[in-house]
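Below is an explanation for a reader who has not seen this structure before. It takes one chain, then a contact between two chains, and then the confidence of the model.

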Amino acid sequence: MSTAMLYGLCSAVLVGLGLFGLIVHPQPLRKILAFNLIGGGVFLLFGVVARRGAGVGFGGDPVPQALVITGLVVAFAATALAVALLLRLFEQTGQATLRLDG
Amino acid sequence: MAFDTGLVLLVLGVAVWTIVARDTFAAVVGFVAYGLLLALVWVRLAAPDVALTEAAIGSGVTGVLLLGASTRLRRTETSGAGEKPGITLRLAAGMLCALVSAGVAAIVLKFPEPAPTLAPQTAANIVATGLGNPVTAVLMAYRAIDTLLETVVLLLALVGIWSLAQDRVWGGFPGPRHHADLEGVLTFIAQLLVPVGILVGIHIFWIGSVAPGGEFQGATILAAMWILAMITGLVDAPPVSRRWLRLMLLAGPAVFLAIGLAGFAMTGAFLAYPAPYAKLLIVTIEVPVMLSIAAALALLVAGPPERRPQR
Amino acid sequence: MSFALDALTILAVSTGAFFFLAGTVGLLRFPDALSRLHALTKADNLGLGLVVLGLLLQAEGSFAALKLIGVWLLTLLAGATVTQLIARTARPGGTHE
Amino acid sequence: MADFLLAAAGFVLATVALGLVRILRGPSEADRIMAAQLLGSGGIAALLLLAAAMSVPAAVDVALTLALLAAFVSVAFVKGFARSGADGA
């Protein structure tokens, strides 16, 4: 098994783990954390695709690498918006929960 | 290979910790460690540009954002206990997620041979951009439209956050006012760190045209230094209605768009650079884009306005 | 000459790695937070310092060397910040300023 | 030489990973932060060693960024700590 493949399998586990956290954690902040964990796994998959595309003197295919850089920044923007919404919810209701009856 | 196996196990261990930790604060500590280890992984995958971005955004700035949220929400920590899903649901979720993981793993194992790649095309066209770093060339030329849209996405997220402000503080100062540390140690550290960090940020930006680095990485470091100055009370966050701030946020996308439109006149296509001026135009775009991204990132962390504007 | 430099690098890096080991053992075995902090700062300052020293001997050019030293100094600064935190929380009387 | 440096990177990473047990055991949050701090400096040392072992000079820039951001995150830790402590008092 190649090194790239090893990291590919790692990304598969990370996606599953993050998804699990996203489903079972009741607290929204933990869901945001888990979502970022999934993001890390997906980006890693891109990194593996890039690594496998190494050639002509490049260590990896620069196109997926560039996409990951864009993705990381957008993921951060989404996280910041989610956190702001959560803090506003807390400010408004005194709770940080997604329960409808709360 | 032994090194990589160990690194993978470590990444997975920290990821498990982030999910199972009882305390949110501890989970955030785990997440920061996760980002740090992923930066190592990116170096192993021969992607130092991504490693820089991961170290700066994925670990550092996201970590500080989540850390701030977890301290603010600390009192709600125990209230969620009753909502924990039952064992059946957790088991079902575990099985579903194992299935998803197995699916992704199957895709990884069935990747086509030889691997599809755009590296030769990038190598063939990089000369025309005048850049030495293929990733920057892709970001600024081949996929420039992505980069342009991304700067807009950051602004949209910022508008979204600002719109969460209450009416009475509309246009005011974001976040709480931090006061300089009485004992002076943190203030001293920040005073040392901020100028060094600004130098490092500019360095990372500047080498981005020939070596790993670039405007995103540089901008994140600059943003981190601004946030540092804010949370240690060295400077206050500006009221979001300030004109210079709005101009700074808009400058990057505006210049990018203007040069993109000028591409129609010069070469007949959007975001096409005439070859002799390609590098000059790219640098002209990159400088304001970096400043805009840095401002946007810092303000995304600072959050919605919470204090009334003075005037 | 290059052989002697390589030998010195191996010596410094090995000693640095040993300090990381010592720091970890201290972090796990020492009974209270303050002595754990003591173990940690040794690993941080000396472990990384020796690794940097070893790599300095292999550095190509003065700018690369400068960056290596910069990394070490920044880590020292981070360590100082954490030390400040522990001093606040572990000190009798708690977190009051 | 490259093999030795890679092995050293692996060794440092493995030892600081052991220290992560402290994150699991705690008991105080200060202990958890100390373990994270150790992982930080160990990770930075591993990056520097990787940079030399794999001949990727850019990895030194990654280490520089990490060191800078680690200092930044620790200041935020301390500030957040002081605030939550003040809330509780």
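Along its sequence, chain B runs through the pattern α-α-α-α-α-α-α-β-α-α-α-α-β. That pattern holds 11 helices and two strands. The model shown here is a predicted one. Taken along the principal axes, the C-alpha atoms of chain B fill a box of roughly 65 × 65 × 35 Å. Chain B has 311 residues, and 50% of them count as buried. Among the contacts in chain B with a separation of 6 or more, 75% are between residues 24 or more positions apart.

The next topic is the contact between chain B and chain A. On one side stand 70 residues of chain A, which are in contact with 79 residues of chain B. Three helices of chain A, α1 (3-24), α2 (28-52) and α3 (62-93), each supply at least two residues of the side that touches chain B. Of this side, α3(A) gives the largest share, with 23 residues. By residue type, the side of chain A that touches chain B divides into 45 nonpolar, 19 polar and six charged residues.

One pair of helices can be followed across this contact. Two packed helices are described by the angle between their axes and by the distance between the axes. For α2(A) and helix α2 (residues 24-44) of chain B, the angle is about 10 degrees and the axes are 11 Å apart. Because angles under 35 degrees count as roughly parallel, α2(A) is roughly parallel to α2(B).

Which residues in α2(A) and α2(B) meet? From α2(A) come Leu29(A), Arg30(A), Leu33(A), Asn36(A), Gly40(A), Leu44(A) and Gly47(A). They meet Thr24(B), Ala27(B), Val28(B), Phe31(B), Tyr34(B), Leu38(B), Val41(B) and Trp42(B) in α2(B). The residues of this contact of α2(A) with α2(B) divide into 10 nonpolar, four polar and one charged.

Confidence comes last. The model scores ipTM 0.91 and pTM 0.91. For chain D, the mean pLDDT is 81, and 84% of the residues of chain D reach 70 or more. Within chain D, confidence is highest in helix α1 (residues 2-19), at a mean of 89, and lowest in helix α2 (residues 21-25), at a mean of 71. Over residues 85-89 of chain D, pLDDT stays under 50. For residues 85-89 of chain D the model has two contacts beyond four places in sequence. Where pLDDT is low, the predicted coordinates should not be read in detail.

Conventions: Residues are numbered from 1 along each chain as its sequence is written. Chains are lettered from A and ligands numbered from 1 in the order in which they are written. This is a predicted model: local features need pLDDT of at least 70, side-chain atom pairs count only at pLDDT 80 or more; totals for chains, interfaces and linings use all residues. pLDDT is the predictor's confidence in each residue, from 0 to 100. Helices (H or I, at least four residues) and strands (E, at least two) are DSSP runs, numbered from the N terminus. Two residues are in contact if their C-beta atoms, placed from the backbone, lie within 7 Å. Ala, Val, Leu, Ile, Met, Phe, Trp, Tyr, Cys and Pro count as nonpolar, Asp, Glu, Lys and Arg as charged, and the others, Gly among them, as polar. Axes are lines fitted to C-alpha atoms, for helices over the stretch in contact, and angles run from 0 to 180 degrees between N-to-C directions. Angles under 35 degrees count as roughly parallel, over 145 as roughly antiparallel, 65 to 115 as roughly perpendicular and the rest as oblique. A residue is buried if 20 or more other C-beta atoms lie within 10 Å of its own, exposed if 12 or fewer, and partly exposed in between; C-beta atoms are placed from the backbone.
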